[in-house]
Amino acid sequence: MTISKDKKIRMFKTMSRIRTFEDRLQKIYRDGKLDGHLHTSHGQEAIATGVIEALSDQDIVFSNHRGHGHFLARGTSPRSIIAECYGKVTGTNKGRSGSMYIVDTKRVMPVASGIVGGNICVATGSALASHLKKDNAVTISFFGDGATNIGFFHESLNMASLWNLPIVYICENNQYGEATKREEHQKIEKISDRASAYSMPGVTIDGTDLMTVYESVKKVVDRAREGGGPALLECVVYRLRGHSAGDVGPYRPKKEEDEWNIKYDPIKKFKEELLEQKILNNQLVEEIEGEIEKEIEEAVNFALDSDAPIAETVSKYVYREEEDNE
Amino acid sequence: MSKCMYVEALRMALREEMRRDKNVFVMGEDITRYGFGANRGLVDEFGAERVRNTPISEAAIIGSAVGAALRGMRPVAEIMFVDFIMIGMDQIVNQAAKMSYLSNGELSVPMVIRAPEGTEWFGGGAQHSQTLHSIFMNIPGIKLVIPSDPYDAKGLLKSAIRDDNPVLFFEHKQLYTQKGEVPEEDYTIPFGKAAIKREGEDLTLIATSWMVKHSLEVAEELKNEISIEVIDPRTLVPLDKDTIIKSVKKTGRLLVVDESPVNGGIQGEIISAVMEESFWNMEFPPKRIGSLNTPIPFSEYLEKEVIPTKEKIKKEILNIFSS
């Protein structure tokens, strides 16, 4: 599979944007300037970037509580997500979501689920709709290793397999379910082994390697689109930060963290690759990183300068009424 | 107009809506071959893609209905007994109910979940007999419908299918074989409009679902002594408070009968909503009847102690007029 130089640079920018965005947001939370729940995806940027890059615009993406990367990769603006975290009217959900339940209907990304595994059934229904409508779209369901222990996972994969639905289940195995190491929450070595219980392909890949992610996703997405049915793709990564912004991970061995940070930081890895291939040079990297820094800085200022939502609208759209269709 | 059973009225509504809109489809456990039969026969006309038997997976049935609805389909999911809905509770409460709100109305979830609830010697015991609708009145984002006769069942189910929100549609098991006049042509009944099932002057008797029949019978039996107005709210969300308040202002007496356990039940909610407006019109304290705060026991002898019965309704009415 040949991937153009421009595409590679774009993907590098996406990953860098996610990292800079989340570094900045995490700092804001840790400085006590924002409250609420913030789950960053440090170390998982290659998954978001590779998966989204492998999709077509019509494909539906169901994100989760650790979802900034998914949205940023699809093109949701950093300023609208930061404004959302500040509870402002310019946010993705006009202040109704915060970091966890982001929605971007323009990019066919319905509400992300803050319930672990909660989107797996809903995403399966989206694939059922595609199956019934024959609309050629593939649905992606993102979830973590922890979510593979919940009943939704089993019920949905069984149903999708039975009905041969066009869906790809992407497990971002970051090796921790909150503070519990994976070995302490499930005995299986590979999560993808579970796919055999549903007679669907199950693949485990290095989720820190962008090109591997991209190529692997493309394969199973194309297969689903052609009527081949669902697949489970396990992307092994390491959650380079805590479960949420305030969590410094005292339950994890320092040595383990250091090793992953040094050897398996997906952005560092891809940057080195591109430098080696002479697609990037140090000056270009500096320029790109500088631009992104500036973009995020402006996004924060945009959020700070934005208005609060209007209190009188607080109960609007609890229900969708006919006049909303007009 | 012809007489048909409640279950047949439901089937008419499903058939008509499936003919009208190709996005409507039904799914549930064994819906083509087992159970109470609302979907029976639909597969012959619409095929197995639109009439889907599912694995025993309530979370995936409900959740996939949510996902399909988000994408423009109009699923009508059947849960075989309302008790089983609890397995899919997250998908209703945390997913379906939140989509419109969190997306500022950009997303909608036009889905219906149908489920039988209640008992009166159906022999199901603790996990197949409950009346759970009160729980859902406490969840913003869901509409709640409990029709009490075949005419309402057809008209309300058609409205439910056309509604852009998640609708829970609860049918009392005893009602399925009840007969009533049902027009063969297309009609809908709007949500939030109570039905005055019998006019009266002395007592406002609010009754839901299977309790409506009992209440009407009691009203007939007592007609020479007490003039009873029987009102069926038909939809609990939205609730037609105005019709109830207007009636209570006229009668000065209120009794609410619903099969939910009384603790935290809709009976108390209806009474509170009415009292805020009509407290000074009351001749007698408002009263409520529901199930005891007890699981439904299997034995016929025990069950009737727990659930509301015609006798209990009559006794309470006579109590209200005893002084």
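**Figure 1. Contact between chain B and chain A.** In this predicted model, 35 residues of chain B are in contact with 33 residues of chain A. On the side of chain B that touches chain A, the elements that give two or more residues are helix H3 (58–70), helix H4 (89–95) and helix H5 (99–102) of chain B. H3(B) gives the most to this side, with nine residues. By class, the chain B side divides into 14 nonpolar, 15 polar and six charged residues.

**Figure 2. The two domains of chain B and their contact.** Chain B is divided into domain 1, covering 2–182, and domain 2, covering 195–320. The C-alpha centres of the two domains of chain B lie 26 Å apart. Their contact takes 24 residues from domain 1 of chain B and 24 residues from domain 2 of chain B. On the side of domain 1 that touches domain 2, the elements that give two or more residues are helix H6 (133–137), strand E6 (143–145) and helix H7 (150–162) of chain B. That side of domain 1 of chain B has ten nonpolar, eleven polar and three charged residues.

**Figure 3. The seven-stranded open sheet of chain B.** The strands of this sheet follow the order E3-E2-E4-E5-E7-E6-E12 (chain B), and their pairing is mixed. Strand E3 (51–53) and strand E12 (235–237) of chain B stand at the edges; each has a single partner strand, so one side of each is left without a neighbour in the sheet. On average, and with direction ignored, neighbouring strands of this sheet are turned by 20 degrees against each other. E6(B) and E12(B) run antiparallel and are joined by two bridges. Across this pair, Leu144(B) stands opposite Val237(B) in E12(B).

**Figure 4. Strand E4 of chain B and its two partners.** Strand E4 (residues 74–78) of chain B is mostly covered, with five of its five residues buried. In a regular strand, side chains alternate between the two faces of the sheet. In E4(B), Arg74(B), Val76(B) and Glu78(B) point one way, whereas Pro75(B) and Ala77(B) point the other way. Five bridges join E4(B) to strand E2 (residues 24–28) of chain B, and the two strands run parallel. Here Gly28(B) has Glu78(B) in E4(B) as its bridge partner. E4(B) also runs parallel to strand E5 (residues 112–117) of chain B, to which three bridges join it. In that pair, the bridge partner of Ala77(B) is Ile113(B) in E5(B).

**Figure 5. Surroundings of Asn39 of chain B.** Asn39(B) is found in the loop between E2 and helix H2 (42–46) of chain B. Because 27 C-beta neighbours lie inside 10 Å, Asn39(B) counts as buried. Not counting residues up to four places away in sequence, Asn39(B) touches Leu14(B), Val26(B), Ile31(B), Thr32(B), Val51(B) and Glu78(B). Glu78(B), one of these contacts, is among the buried residues of E4(B). Asn39(B) and Val7(B) are 32 residues apart in sequence, and their C-alpha atoms are 9.0 Å apart in space.

**Figure 6. The buried face of helix H9 of chain B.** In helix H9 (residues 241–251) of chain B, the buried residues are Ile244(B), Ser247(B), Val248(B) and Thr251(B). Seen down the axis of H9(B), these residues fall within an arc of 100 degrees, so they line one face of the helix. The buried residues of H9(B) pack against strand E10 (203–207), strand E11 (228–232), strand E13 (254–261) and helix H10 (266–278) of chain B. H9(B) is followed by Gly252(B), whose phi is positive, near 75 degrees.

Notes. Residues are numbered from 1 along each chain as its sequence is written. Chains are lettered from A and ligands numbered from 1 in the order in which they are written. This is a predicted model: local features need pLDDT of at least 70, side-chain atom pairs count only at pLDDT 80 or more; totals for chains, interfaces and linings use all residues. Domain bounds come from an automatic or database domain assignment. Two residues are in contact if their C-beta atoms, placed from the backbone, lie within 7 Å. Helices (H or I, at least four residues) and strands (E, at least two) are DSSP runs, numbered from the N terminus. Ala, Val, Leu, Ile, Met, Phe, Trp, Tyr, Cys and Pro count as nonpolar, Asp, Glu, Lys and Arg as charged, and the others, Gly among them, as polar. Two strands pair if DSSP finds at least two bridges between them. Axes are lines fitted to C-alpha atoms, for helices over the stretch in contact, and angles run from 0 to 180 degrees between N-to-C directions. A residue is buried if 20 or more other C-beta atoms lie within 10 Å of its own, exposed if 12 or fewer, and partly exposed in between; C-beta atoms are placed from the backbone. The arc is that of the directions from the helix axis to the C-beta atoms.
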